[in-house]
Amino acid sequence: MGWFIIKRLTSLIPILLGISLITFILLHLIPGDPAVAYLRMSHIPPTDEAVAALRLELGLNKPLYIQYFEWLGNVMQLDLGMSYVSKNAVWDEMLLHLVPTIQLTFAALIFIVVISLPMGMISAIYKGKWVDQFSRVVAFVSVSMPTFWFGFLLIYFLSVKLDLFPVLGRGTLAHLVLPSLTLAFGYIGTNMRLLRASMLENLNEPFVVYARARGVSERRIVSRHVLKKSLLPVVTGLGMSLGNMLGGAVIVETIFAWPGMGQLFVSSIINQDYPMIQGCVLFMSVIFVVCNLFVDLTYSFLDPRIRLEGGK
Amino acid sequence: MLFKRSKLLSLLFVLLLMFVTGCSNTPKGSENTSPKDNEKVVTFSMTGDIGDLNPHTYFPNEFFSQAMVYESLVNYGEGGEIQPWLAESWDVSKDGKEYVFHLREGVKFSDGSQFNAAIVKKNFDTILDNRKQHDWVELINQIKGTEVVDDYTFKLTLHNSYYPTLQELAYIRPLRFVGEAAFPASQDTFKDGLKSQIGTGPWVLSEYKKNEFAVFERNEQYWGTKPQVDKVIVKVITDGESRVLAFEKKELDFIFGNGVISQDSFQFLKDSGKYETKLSEPTATRTLLFNTNKEATKDHKVRLALNYAFNKKAVIDNIFYGMEQKADTLFPPVLDYTKINIDPYEYDTEKAEQLLDEAGWKKVEGKPFREKDGKELQLEFLFNSTDNIQKSIAEFVQGDFRKLGIDIKLTSQETTTFWTTAFQGKYDLLFTSTWAVPFDPHSYLASITTDSENGGPDYTALLGLPEKKEIDKKIKKVLLTTDEKERKKLYTDILTTLHDQAVYLPISFQSNIAVYHKNISGVDFLPQEAEVPLTTIDVN
């Protein structure tokens, strides 16, 4: 297991380097001059002298590869630069928005797991029955309904009409319910159907027939053998969802006035806050890669064959 | 092994749950802290964060919050009347170049320190150290010196007699005062920000969470009429529809401002009959600006034609539900010096077509758009993509002008990019608006004459006008003239020329809206458009 983890971690290095290079270059492809953007944000007239002086100060006049290595060196020390708008460290601003995002993401993850796994399992066991039909409808609605509409419906009925939850903002646990449910809803359908499909496949495997022949109870077959094996694709699905959600859920955050990464990212784009955009893109990519790693590790935990292969 | 694993999984799950709940229970948001008995709290929302609450800087600071905490020497009152504020009275020298302010005694900053001439000078000086950043305020350019005469007398010396001096002293920024303890070590409040937010105003910032909310408490030491409520909570809500829902749920006590909710939502709330709604007098003008440097729009006839071709009534009826008034002049005629006698360009497509023909843009058989020397009449219309109203109008214009054989190419950009492009003059038609009182008309017109960073794109747009130099000269003159009659004549001249040249296409006069629950009173519109009437608002 340890060997497997080390191997996977090593393979991350070129990926992360690639990400950093792309992030760095991408930003230099955006039209506009960071020095001019900075001056505008600071309400300083971007005269030629001012721009030239600032370019010197920000090191923008150096060759691109030197700029890259300097930037990379700083990034390694978690120094992502200073926001042009707030003049605070990018890393501090990101941390500030990261906590609400993590909160929202994990609350949504709980909803996804708690709703989609049982429903997926039940609809596989009772294939074709009304439960299955119902879950199919839920799945269709989940993947096709726009997030903003679902969010507003939830607010309108559960909050304005029934007065069960606050409309928006961050604060108590009750504030977390509607945004996380809205965020989770879009992922529920996919994960539910994934589990159902993979369970149906596994229910016809020889080991199930053999277990039945041995007289193992159906309950035990499903919970001990089939479910565990069928969870593999769902784990991938969840891992991807996790990466997506941690990157910030712009729409949900906007509707519920939730100060997360999505809002930070969008506002930094609108304000042409170059270091912040760079920081956010880098962060999101890293999160995605790390989530993938996490999925792989979970795989090996759920399926020993992968672990053994990796250990060879 | 199996048992261990499932135990591990459930442990993980429990940890996750604890994390999520743990995060949520950290005390924050004043909605958690139970209000004291009889404590009156009002809650409203704004679209952005209040920033670092520094009266000497701009974005991301908001006007309304700067006005809550910091005060000016004089106040811009009803109808533009200048009232005593932190200065109880003032004397102006005969030549109009010296202003002596007699400061109000007994005014204290929220940290208990005295407000006096020394601190007034100190604030003026730090602002003047960064003159370049504030040069859109002509007064800043006119200030020659500041002087402490005695503890409560402050003298301002100007290069020239400048008539809007008092008016510009009333602006929400930058000429307002922070306490001694607020100054950073470098003493430069513009570059290094404030150490803390200490002002003389009726409110004190008591709790703040970036991008979430700000809580202001009543300043118990306030010298003037104290606010009716004890606390104001300002929530950051970017989405207009969410704002409406939060208001319906009573999480917000009132909605106030311009463009904070859609026209549809305002109409919906009004029609429901459950809430009080109000519409202010016209504040600023929504207008299109022609770029007189571009081939087609350089032509006076083309600009005239477009003015005749624009169906303002249809826009107002369909996009604004008839809530805004039609604009025929660059400024609402209710402002000082802006009432001029002109013939408005009424909607007349025949006249527009005739003018376009005269300008050489002729209809070509079998082609949708007019041509001149083989070139199609295509105009680039630049607007701000984050503004829903601009988008609707732009799309309407595109459809309507097509019928006349004019191809409108819509270009939408995010706010910052939009302004950059606008300042560079890369458009034919630009969606813009005037600045509302107290900036209109004089500060807005002054901005036409300079290429200032914090000014407007009008300077560049009007460069192609043969009369530009003449107009600039008159604007500069009108600001320095001491003769009321002369001033009136010059303003009429300037505004008439701008109208005759048809460089603007005024659409409508925009207003502030207010929607509030029936238990809220005192929601009145203030003379300065950006101010929120928080001192008069009361909860019953």
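**A tour of chain A, domain by domain**

Start by selecting residues 98-299 of chain A: the end C-alpha atoms of this span lie 27 Å apart, and the span is 84% helix and 0% strand. UniProt lists these residues, in an unreviewed entry, as "domain: ABC transmembrane type-1". Keep in mind throughout that this is a predicted model.

Next, colour the chain by domain. The domain assignment gives domain 1 as residues 2-76 and domain 2 as residues 90-311 of chain A. Between the centres of domain 1 and domain 2 of chain A, taken over C-alpha atoms, there are 33 Å. Show the residues in contact: 23 residues come from domain 1 of chain A and 18 residues from domain 2 of chain A.

How much area do domain 1 and domain 2 of chain A bury between them? The value is about 1800 Å², with 78% of it on carbon and sulfur atoms. On the side of domain 1, select Phe4(A), Arg8(A) and Leu27(A); these residues lose the most area to domain 2 of chain A, together 33% of what that side buries.

Arg8(A) and Asp296(A) form a salt bridge, in which the closest N and O atoms are 2.6 Å apart. Across the interface of domain 1 and domain 2 of chain A, the rule finds one salt bridge. The count of residue pairs in polar contact across this interface, with both residues at pLDDT 80 or more, is also one.

Switch to a cartoon and look at the side of domain 1 of chain A that touches domain 2. Which elements give two or more residues to this side? They are helix 1 (2-29), helix 2 (34-41) and helix 4 (64-76) of chain A. Helix 1 of chain A supplies the largest share, 14 residues. Colour this side of domain 1 by residue class: 17 residues are nonpolar, three are polar and three are charged.

Last, select the ranges that the unreviewed UniProt entry annotates as "transmembrane region": residues 12-30, 102-125, 137-160, 172-190, 230-256 and 276-302 of chain A. Two of these ranges can be checked in turn.

- Residues 102-125 of chain A: the span is 100% helix and 0% strand, and its end C-alpha atoms lie 34 Å apart.
- Residues 230-256 of chain A: the span is 85% helix and 0% strand, with 35 Å between its end C-alpha atoms.

Notes. Residues are numbered from 1 along each chain as its sequence is written. Chains are lettered from A and ligands numbered from 1 in the order in which they are written. This is a predicted model: local features need pLDDT of at least 70, side-chain atom pairs count only at pLDDT 80 or more; totals for chains, interfaces and linings use all residues. Side-chain values use heavy atoms; hydrogens and water are left out. Domain bounds come from an automatic or database domain assignment. Contact means heavy atoms within 4.5 Å. Buried area is the accessible area (1.4 Å probe) that two parts lose on being put together, summed over both. A salt bridge is a side-chain nitrogen of Lys or Arg within 4 Å of a carboxyl oxygen of Asp or Glu. A polar contact is a pair of N or O atoms within 3.5 Å; within protein, one must be able to donate a hydrogen and the other to accept it, and residues adjacent in sequence count only if both atoms are side-chain atoms. Helices (H or I, at least four residues) and strands (E, at least two) are DSSP runs, numbered from the N terminus. Ala, Val, Leu, Ile, Met, Phe, Trp, Tyr, Cys and Pro count as nonpolar, Asp, Glu, Lys and Arg as charged, and the others, Gly among them, as polar. UniProt positions are given in the numbering used here, feature names are shortened, and annotations may be inferred rather than shown by experiment.
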